[in-house]
Amino acid sequence: MITIVVAHDTRRGIGKDGWMPWDLPEDLKNFRKLTLHHDIVMGRVTFAAMKKPLSERHTFVITKNESYTYQHKDVTVLHDLTSLLREYKGSDRTLMVCGGAAVYAQALPYADDMWISLVDGEYEADTFFPPYDVQDFIIESKERKDGFTIIHYIRK
Ligand SMILES: NC(=O)c1ccc[n+]([C@@H]2O[C@H](COP(=O)([O-])OP(=O)(O)OC[C@H]3O[C@@H](n4cnc5c(N)ncnc54)[C@H](OP(=O)(O)O)[C@@H]3O)[C@@H](O)[C@H]2O)c1
């Protein structure tokens, strides 16, 4: 199963200068709650911004750089995102897709569901979540928080 987890604003902005354009600690708590004890995948740039691997999760880091290495029991460096997505798509195990832009774009067609924190307003951004059609999904739940709304979309 493939699950996307993202916070984007009303223009689908997700990042600015290597980090998120907003300061929403409650969204980071929600990210932790959703991803804990799951396998997660992220691009090399997002991983580098985290400074250290996220605890109690196994992280697949995607890079084209064949000489990039990262020695840690909870981290696997991979070069082929499509194979990883295909492996989890037909499996009971969940792969949580955690960005950034190109990783989201490649994973979107495979996504069974999406946890989207829809951040109020428009922020200056240099990185964007890909366009998606809400008609392809049903809204399983919607929870209003201070400054954002958590929407759980499940593919029809
Ligand atoms: N709001 C959110 O929920 C959220 C979530 C995640 C990230 N972000 C933000 O997004 C920004 C970072 O995202 P980004 O899009 O710039 O970078 P990114 O997706 O984290 O990393 C990009 C890198 O991933 C590797 N990569 C991507 N697709 C690949 C593929 N198919 N095969 C092999 N390698 C692949 C490449 O690494 P190499 O260059 O090493 O080859 C590429 O340069 C930051 O501002 C971050 O804060 C926001």
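Q: What counts as buried, and what as exposed?
A: A residue is buried if 20 or more other C-beta atoms lie within 10 Å of its own, exposed if 12 or fewer, and partly exposed in between, with C-beta atoms placed from the backbone.

Q: Is Cys98 buried or exposed, then?
A: Cys98 is buried, because 27 other C-beta atoms lie within 10 Å. Keep in mind that this is a predicted model, where local features need pLDDT of at least 70, side-chain atom pairs count only at pLDDT 80 or more, and totals for chains, interfaces and linings use all residues. Residues are numbered from 1 along each chain as its sequence is written.

Q: Where is the place of Cys98?
A: Cys98 sits in the loop between β6 and α4. Those labels are DSSP runs numbered from the N terminus: helices are H or I with at least four residues, strands are E with at least two.

Q: And what is Cys98 in contact with?
A: Contact means that two C-beta atoms, placed from the backbone, lie within 7 Å. Beyond its neighbours within four places in sequence, Cys98 touches Val5, Thr35, Ile40, Val41, Met42 and Thr46.

Q: How many Å apart in space are Cys98 and Lys142?
A: They are 20 Å apart, C-alpha to C-alpha, and 44 residues apart in sequence.

Q: Switching to the sheet. What order do the strands have?
A: The order is β5-β4-β3-β6-β1-β7-β10-β9, an open sheet of 8 strands with mixed pairing. Two strands pair if DSSP finds at least two bridges between them.

Q: Which strands stand at the edges?
A: β5 (75-78) and β9 (137-145). Each has a single partner strand, so one side of each has no neighbour in the sheet. From one strand to the next, the twist averages 20°.

Q: What packs on the sheet?
A: Helix α1 (residues 25-35), for one. It touches β1, β3, β6, β7 (113-119), β9 and β10 (148-155), and its direction makes about 175° with that of β1. Axes are lines fitted to C-alpha atoms, for helices over the stretch in contact, and angles run from 0 to 180 degrees between N-to-C directions. Helix α3 (residues 81-89) packs on the sheet too, touching β1, β3, β4 (58-62), β5 and β6. The direction of α3 makes about 120° with that of β1.

Q: How many of the residues of β1 are buried?
A: 6 of its 7, so β1 is largely enclosed by the rest of the structure.

Q: What strand do 3 bridges join to β1?
A: That is β6 (residues 95-97), running parallel to β1. Ile2 is opposite Leu95 in β6, and Ile4 has Val97 as its bridge partner there. β1 also pairs with β7, in the parallel sense, over 6 bridges.

Q: How many bridges join β3 to β4?
A: There are 5, and the two strands run parallel. Met42 has Val61 in β4 as its bridge partner. β4 is mostly covered, with 4 of its 5 residues buried.

Q: How many residues has the largest nonpolar core?
A: It has 31, and Val41 and Val97 have the most contacts inside it. A core here is a set of buried Ala, Val, Leu, Ile, Met, Phe, Trp, Tyr and Cys residues joined through C-beta atoms within 7 Å.

Q: Back to Val97, what is it in contact with?
A: Setting aside neighbours within four places in sequence, its contacts are Ile2, Thr3, Ile4, Val5, Val41, Val103, Tyr104 and Ala107.

Q: Now the ligand. How many residues surround it?
A: There are 28, and the closest are Gly15, Gly43, Thr46, Gly99 and Gly100. The test is a C-beta atom, placed from the backbone, within 6 Å of the molecule. β1 (2-8), β2 (13-15), β3 (39-43), α2 (44-49) and α4 (101-107) each supply at least two residues of this shell.

Q: What about that shell by class?
A: It has 15 nonpolar, 11 polar and 2 charged residues. Ala, Val, Leu, Ile, Met, Phe, Trp, Tyr, Cys and Pro count as nonpolar, Asp, Glu, Lys and Arg as charged, and the others, Gly among them, as polar.

Q: Is the peptide bond from Gly99 to Gly100 cis or trans?
A: It is cis, with omega near 0°. Gly100 lies in the loop between β6 and α4.

Q: What is the phi of Asp17?
A: About 55°, positive although Asp17 is not a glycine. Most residues other than glycine have a negative phi. Asp17 is in the loop between β2 and α1, and it counts as exposed, with 10 C-beta neighbours inside 10 Å.
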